[in-house]
Amino acid sequence: DEAINYVDVVSRDIKLPSVNGQSAYFKEHHEFMEIVYVSGTELFVKLVVNANVKVKEIDEASKLIAGISSDIPLILQPLNPNKSHKDQLLSFQAVAKRNLNQVRVIPQIHKFLRML
C-alpha cells in the first residue's frame, strides 16, 4: 500500500495450484487487490491456465475478485497456446463470467514474440 500512489495500472497474477503446484494464497491476493481497488488505481487480474486447471479453481478465483468488485477485468491466458483446447478455455470463461462482468481469453504475447 506504500507504493500505490506511484502507479497508474496494476496487473495482478493469481497463480493457480494446478499450474504452479502451490496453494493459491487467496487471502494475500484478496488483501492486495482490495488495497489497489480502494485506491482507485486501475486493476486487472490474470490467470495463467493449462490443461490441468480445474473449473473449481476458476470459480474460486473469480469469486475472490468479485468479492472486491465484479467490474474488475479478468484475463485468462493459456500457458501453451498451441496445446490449449478451445472448449476448455470457453468453459473457463463462462464459469468466470458468472461472477465477473469482463472476462477475456488472450494469449501470452511474449511467447509469440519468443521473448521468453
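Two strands count as paired if DSSP finds at least two bridges between them. The exercises below apply to a predicted model.

**Exercise 1.** Which residue in strand 2 is the bridge partner of D13, and in what sense do strand 1 and strand 2 pair?

Solution. Step one: the bridge partner of D13 in strand 2 is K46. Step two: five bridges link strand 1 and strand 2, and the pairing is parallel.

**Exercise 2.** Follow the chain from strand 2 to strand 3 and state the handedness of the crossover.

Solution. Strand 2 and strand 3 (residues 74-78) run parallel and are joined by five bridges. One of the pairs is V48 with Q77, the latter in strand 3.

**Exercise 3.** Check the length of helix 2 (residues 26-39) against its number of residues.

Solution. Just after the helix, G40 has a positive phi of about 90°.

**Exercise 4.** Determine how the buried residues of helix 2 are arranged about its axis, and what covers them.

Solution. Buried means under 20% relative accessible area; in helix 2, H29, M33 and V36 are buried. Viewed down the axis, the buried residues lie within an arc of 60°, so they line one face of the helix. An α-helix has 3.6 residues a turn, so residues three or four places apart point the same way. The cover over the buried residues includes strand 1 (9-13), strand 2 (42-49) and helix 3 (55-66). On the face turned away from the buried side are the exposed residues K27 and V38.

Technical notes. Residues numbered from 1 in each chain as written. Predicted model: local features only at pLDDT ≥ 70, side-chain atom pairs only at ≥ 80, totals over all residues. Heavy atoms only, no water. Helix = DSSP H or I, 4+ residues; strand = E, 2+ residues; numbered from the N terminus. Expected span 1.5 Å × (residues − 1). Buried < 20%, exposed > 50% of the residue type's maximum accessible area, 1.4 Å probe, protein only. Arc of directions from axis to C-beta. Contact = heavy atoms within 4.5 Å. Right-handed = clockwise from strand over helix to strand, strands pointing away.
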